[in-house]
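Have the structure open while you read.

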Amino acid sequence: MLGLTSEEAEKRLKVHGPNALPERPPPPFWRKALRQLQNPLVYLLLFAFALEFSLWLYEGGRGAPLEAVAILAILLLNALLGAFQEKRSEEALKRLKALAEPSAWVLRDGRFQRLAARGLVPGDVVRLEAGDRVPADGVLLEGSGLLVDESVLTGESVPVEKGVGEEVFAGTLVVRGRALMEVRRTGLRSAMGRIAHLLAGMEEERTPLEKRLEAFGRRVARWVFLLAFLLAFLGFLVEGFSAKVLLFAVALAVAAVPEGLPAILTLALALGVERMARRKAVVRRLSAVEALGSVTVIATDKTGTLTENRMEVERVVGPDLEGALLAMVLCNDADPATGAGDPLELGLLRHARARGLDVEALRKAYPRLSERPFDSAWKFMRVTTPLGSFLKGAPEALVPRLDLSEEEKRRLLGEAEAYAREGYRVLALAFGEGQREEGLRFLGFVLLLDPPRPEVPEAVRRVRRAGVRVVMVTGDHPATARAVAQRVGIPVNVLATGEDLETLSDEELLKVDVFARVRPEQKLRIVEALQKAGEVVAMTGDGVNDAPALKRADVGVAMGQRGSDVAREVADLVLLDDNFATIVAAMEEGRSIYENIQKFLRFLFSTNLSEVLVVALGMVFAALLGLRDAAGHLLLPLTAVQILWINLITDGLPALALALDRNPGVLDRPPRPKESPLLDGPSLRFVFLTGTLKAGFALGLLGFLPGVVGLEAARSATFHFMAIGQLFFAYAARHTDLRPLPNPYLHGAVALGILVQLALGTLGPGLLEAVPLPPWAWGLVLFSALSAWGLAEAVDRVVWRREAK
């Protein structure tokens, strides 16, 4: 049973193809671009474009239909930008998916290696353990107490026992035991291939944030459509039915509702979760990003998360040290050659080797005849050999089974308790004749240390400063749990065990800081009690039985290195390094992403509000004063093309650059309430105050300049002010009670937008219905834009200072 060589596996992979279900190819770029046009507002604009073009043809086609062509060009450019953003999002999420790809222990080149499941081929030998998802169809070569959940294929909820020679199928779940399997069918030929069509038809559900944003956008759209209707009605009253007025009203509606927002939001989330992946946290569901910012309690495991998961034997104490060493080698599933196995068991083998034992030779000399795998229900493992049975497990599980007096048993349990108070993980070893599990002979205690990760105390301090409570939930001894908690900075005012949970009320449970000797299924009770009290819970887990708690938690966090496949599948977040500090880093990124989303919402709606006010009030004044342009039409404060251009130049790159802001200090705030609105009170005040302020400057230009440079030039100056001033407002929208780090992408986006606008006004007179301006008028435009920006920054500081108070 040597498995395959890498060369042979490579040949078979070319014949059989990857062990993966076919994925739907992404839509081509042109289809993504067309999808950006699938918007009711865009449909209206296309209708207005067709109307304008038809009127131009009706009038004889004299000149060029510049307005119609400009509208179409802007629409196409906006669609291309949206498609590009969607493509970037898909690429980012594809890279993340590769990080979370399932893997398996495969016998290649004579040794077990952890390989991606998609590289499996028929003939490979795979090691299966409790918690693993079977990666392909195969036949069992070896098996011990293997129990497989086949409900994904059969719908039968009761797990099935499997023995040597029986088939196991891709996608099923190993609930108990361990085995070696020879792969027979992969990819589409496997059992999972039969349900591939069901998976292919599944659509990704939108995140809660996207749903709330859509509902918010619909409310805004209703008010904007009402305003556009009233403005069109007013225009028709003044000069009769006019395609120009209709086009203007529709363009206003499109400008006021940022239709590019979903694309920016998706890209912001995708780039944010890619940053999380660089910090070793893979987000499996985008909804977790939103929930991370609201977490109020982290219920964390101890081993490997708070500690290094590097169990080293400090010493062995007991009456039979030679027998204890033998038990450490034979009652052990770890593979020292490949490093596969439980870290505790690998530590036992390292200690045995250091004492001169030949692990491989002993295992060959005394092969297993039968075994009882470790399970949290009975808390010990038994292996029967020709010498007899060796057992290892928790002291409280094995000591009562010893052939000793009750007084001796109490003494040994007290001894184990004393070692645990010193911070040791205590393991009991025992021996029994035949397959006996009672009346055992005591071999000794193994004292192991798993030191806390050096970065964890600072991470705990930071997350507690952020208003998030840290609760330890572990299967370890209470004294060991207390010692580790104190070392990493988790206060231990109340400690409870799994047995205590049976009698504690939900109110009493909320006061517990450390839960010890907790069975995995008890984690669900802890999560539900915390949630019932209004807490937003992040729960860590790695085992099969952790899955219900991970799924119920607001943010389920699975371990990427030691976690079972099923735990990773139900989790929202997978830690590639199994480190508590990575949870804190992910929370920081999650809060930062949400902060950036609020920034571009403030920016977009502040600037769009100013456009609506300028257009609405300017049109009313023009109608009342009877102002008309050179063609005799009602003088609109901005033309339809100008409105669309402002929307394009300001709602694209600058809004996207805001999504790249870095926000130190987000962990200095308390958690954000889960149901908090997208735009909170201070943000709404900022939108209304700065939007009104900018509109006031624009209307001032419209009122002052006509008598100096004429009506058309005054409108052109207002157009340039609205575009340039809007770009500057991106800076004001960045600031809250936090001060973000310098953002070179934003500087570049604003500088590029200003240069394009200046070039449009100076090198291309007549484009977008703008006329040339004298230099002093340009100076006035820039002065007004800078003044409006300065006042907006002042308003911004007042708003957030008031909020801080």
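Start at Val126, which stands opposite Met181 in strand S7. Val126 is also the bridge partner of Val106. Val126 sits in strand S3, and here is how S3 pairs up (two strands pair if DSSP finds at least two bridges between them):

| Pair | Sense | Bridges |
|---|---|---|
| S1 (residues 103–108) and S3 | antiparallel | 3 bridges |
| S3 and S7 (residues 173–185) | antiparallel | 5 bridges |

S3 itself (residues 125–129) is mostly covered, with 4 of its 5 residues buried. Buried means under 20% relative accessible area, using a 1.4 Å probe and protein chains only. Helices (H or I, at least four residues) and strands (E, at least two) are DSSP runs, numbered from the N terminus.

A quick word on where this comes from: it's a predicted model, so local features need pLDDT of at least 70 and side-chain atom pairs 80 or more, while totals for chains, interfaces and linings use all residues. Residues are numbered from 1 along each chain, and side-chain values use heavy atoms, leaving out hydrogens and water.

Now hop over to helix H17 (residues 478–488): 8 of its 11 residues are buried, so H17 is largely enclosed by the rest of the structure. Among the buried ones are Pro478, Thr480 and Val488. The buried residues of H17 pack against several elements, including helix H15 (406–421) and strand S14 (425–432). After H17 comes Gly489, with a positive phi near 95°.

Last stop: helices H28 (residues 711–734) and H29 (residues 744–763) pack at about 175°, with axes 10 Å apart. That makes H28 roughly antiparallel to H29, a label for angles over 145 degrees.

Methods:
Buried < 20%, exposed > 50% of the residue type's maximum accessible area, 1.4 Å probe, protein only. Contact = heavy atoms within 4.5 Å. Axes fitted to C-alpha atoms, helices over the stretch in contact; angles between N-to-C directions. Parallel < 35°, antiparallel > 145°, perpendicular 65-115°, else oblique.
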